[in-house]
Amino acid sequence: MKAQPDADKTLNLILSRLDDMKAEETITIDLRGKSAYSDYMIVTTGRVNRHVGAIAENVTKGLKENGIKNIHVEGLPNCDWVLIDSGDVIVHVFRPEVREFYNLERLYTQGPGAAKAI
């Protein structure tokens with residue numbers, strides 16, 4: 001299944017922002033044909049709470065600057081795990097310990113019909 005051009009554009013924008021902010025261990029999971037709610041999911045890590053918050057705010061700012069509306073953000077007050085839902089792309093920004101505990105990428109990259117990490 002082919003992603004919408006907007007989804008690919010959004011994905012590239014987010015990945016660029018994550019790189020600029022020195023996010024670590026970033027993986028992209030292709031959900032096309034596997035999920036009704038999103039085309040891609042990104043899982044990444046910030047070193048500490050402040051880094052997680054700065055990454056999330058930078059990504060959100062970039063999305064807004066590029067005309068993406070209705071962005072939903074959760075977790076900014078604590079910055080242990082921040083979720084950014086832009087519609088076509090969902091971003092999870094974790095502190096290292098929290099990412100290891102939840103291990104979201106394992107849920108989406110194992111088993112029958114699992115999504116592929118790209």
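Is Lys22 buried or exposed? What we have here is a predicted model, in which local features need pLDDT of at least 70 and side-chain atom pairs count only at pLDDT 80 or more, while totals for chains, interfaces and linings use all residues. Residues are numbered from 1 along each chain as its sequence is written, and side-chain values use heavy atoms, with hydrogens and water left out.

Back to Lys22. At 56% relative accessibility, Lys22 counts as exposed. Let me give you the scale: buried is under 20% relative accessible area, exposed is over 50%, and partly exposed is in between, with a 1.4 Å probe and protein chains only. Lys22 sits in the loop between α1 (5-20) and β1. Those labels come from DSSP runs, numbered from the N terminus: helices are H or I with at least four residues, and strands are E with at least two. Lys22 also has a positive phi of about 60°, although Lys22 is not a glycine.

Another residue to look at is Glu25, in strand β1. Its phi is near 50°, again a positive value in a residue other than glycine. Glu25 is exposed too, with a relative accessible area of 61%.

Now let's go to the strands. Strand β1 covers residues 24-30, and it pairs with β2 in the antiparallel sense over 5 bridges. Pairing here means that DSSP finds at least two bridges between the two strands. Within that pair, Ile27 stands opposite Val43 in β2.

On its other pairing, β2 (residues 40-45) is joined to β5 by 6 bridges, and these two run parallel. You can find Thr44 opposite Val93 in β5, and Thr45 has Phe94 of β5 as its bridge partner.

How many of the residues of β2 are buried? The count is 6 of the 6, so β2 is largely enclosed by the rest of the structure. Tyr40, Ile42 and Thr44 point one way, Met41, Val43 and Thr45 point the other way, and all are buried.

Let me zoom in on Thr45, which belongs to β2. Thr45 is buried, with a relative accessible area of 3%. Its side chain makes a polar contact with the side chain of Arg99, at 2.8 Å. By polar contact I mean a pair of N or O atoms within 3.5 Å; within protein, one must be able to donate a hydrogen and the other to accept it, and residues adjacent in sequence count only if both atoms are side-chain atoms. Leaving aside neighbours within four places in sequence, Thr45 is in contact with residues including Ala23, Ile55 and Arg99, where contact means heavy atoms within 4.5 Å.

What about the helix? Leu11 is found in α1, and at 7% relative accessibility it counts as buried. Not counting residues up to four places away in sequence, Leu11 touches Thr28, Tyr40, Ile42 and Val89. Leu11 and Thr28 are 17 residues apart in sequence, yet 8.8 Å apart in space, C-alpha to C-alpha.

Next, the hairpin. Strands β4 and β5 run antiparallel and are joined by 5 bridges, with Ile84 partnered by Val91 in β5. There are 3 residues between the strands of this hairpin, and Gly87 takes a positive phi near 100°. The backbone nitrogen of Gly87 lies 2.8 Å from a polar atom of the side chain of Asp85.

Asp85 itself is in β4 (residues 81-85). At 26% relative accessibility, Asp85 counts as partly exposed. The C-alpha atoms of Asp85 and Val73 are separated by 6.4 Å, with the two residues 12 apart along the chain.

Which residues does Asp85 touch, not counting those up to four places away in sequence? They are Asn70, Ile71, His72 and Ile90.
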